[in-house]
Amino acid sequence: MTETIGFILIVCGLIFDFSGCLGLVRLPDVYNRLQSSTKCVTLGTCLILLGAVFYNGINAVGIKAILCIWFIFMTSPTAAHAISRASHKAGYKLWKGSACDKYLEDRQGSLKKEDS
Amino acid sequence: MTGCIVVLIICCFMCLYRIAFGPTPSDRIVANDILGIIIVGFCGIFSALSKQDLYMNIALAWALLSFIGSIALSKFLEGRTYDD
């Protein structure tokens, strides 16, 4: 029974992984690619590791898989935030169909405050 | 179970396509980050198959090193030095 639950969780994680990587190939812009791929691949990999926990039970593999889930949930959004902030500061343009750029307005507002 | 591994290999080739043909260096860094997380998923599936905790040790170390590499590359992209 628990092996069936683990297999279903692993298949759900694979669907999320595949959609995230499809977004990494198909979307037009670095920020769109980051937003699509990081969220989907983080959730998909955590579902795969949770499936490994259900597949094996709580032993050495299960405890390490739970540690790995916690670690990926902490670090992957941090890395994505750092990459997007760095690429915005390095001056990579947004896609031409983008609606708004709030971070650019915020940075220009803070520069004006420093001048006055 | 071999179908799961085939799907993950297709995901890895999508990331390698973006690393090879990405127009900007930022795309390559994003694809490198994603490739690291997918390899952690690989190790999870292998350890679920073989019921050994060897692959889960590799997954923990790989998640750590992938995070540190992404942070270092993004600091390099921002134009700072490694000191501050």
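This report describes a predicted model, beginning with chain A as a whole and then turning to parts of chain B.

Residues are numbered from 1 along each chain as its sequence is written, while chains are lettered from A and ligands numbered from 1 in the order in which they are written. Because the model is predicted, local features need pLDDT of at least 70 and side-chain atom pairs count only at pLDDT 80 or more, whereas totals for chains, interfaces and linings use all residues.

**Chain A**

Chain A holds four helices and zero strands, in the order α-α-α-α from the N terminus on; helices (H or I, at least four residues) and strands (E, at least two) are DSSP runs, numbered from the N terminus. The overall values for this chain are gathered in the table.

| Property of chain A | Value |
|---|---|
| Radius of gyration | 19 Å |
| Span of the C-alpha trace along the principal axes | about 65 × 30 × 15 Å |
| Buried residues | 43% of the 116 residues |
| Mean pLDDT | 88 |

For a compact globule of 116 residues the radius of gyration would be near 13 Å, where the radius is taken over C-alpha atoms and the globule rule is 2.2 Å times the number of residues to the power 0.38. A residue is buried if 20 or more other C-beta atoms lie within 10 Å of its own, exposed if 12 or fewer, and partly exposed in between, with C-beta atoms placed from the backbone.

The pLDDT, which is the predictor's confidence in each residue from 0 to 100, reaches 70 or more in 97% of the residues of chain A. Among the elements of this chain, helix α4 (residues 102-115) has the lowest mean pLDDT (79), and α1(A) has the highest (92).

**Chain B**

Helix α1 of chain B has 20 residues (residues 2-21), which at 1.5 Å a residue should span 28 Å, and its end C-alpha atoms, 29 Å apart, agree with this; the expected span is 1.5 Å times one less than the number of residues. Its buried residues are B:C4, B:L8, B:C11, B:M14, B:C15 and B:R18. Seen down the axis of α1(B), these buried residues fall within an arc of 105°, so they line one face of the helix, the arc being that of the directions from the helix axis to the C-beta atoms. On the other side of α1(B), the exposed residues include B:V6, B:F13 and B:F21.

Elsewhere in chain B, B:K75 has its place in helix α3 (residues 54-78) and counts as partly exposed because it has 15 C-beta neighbours inside 10 Å. The C-alpha atoms of B:K75 and B:Q52 are separated by 37 Å, the two residues being 23 residues apart along the chain.
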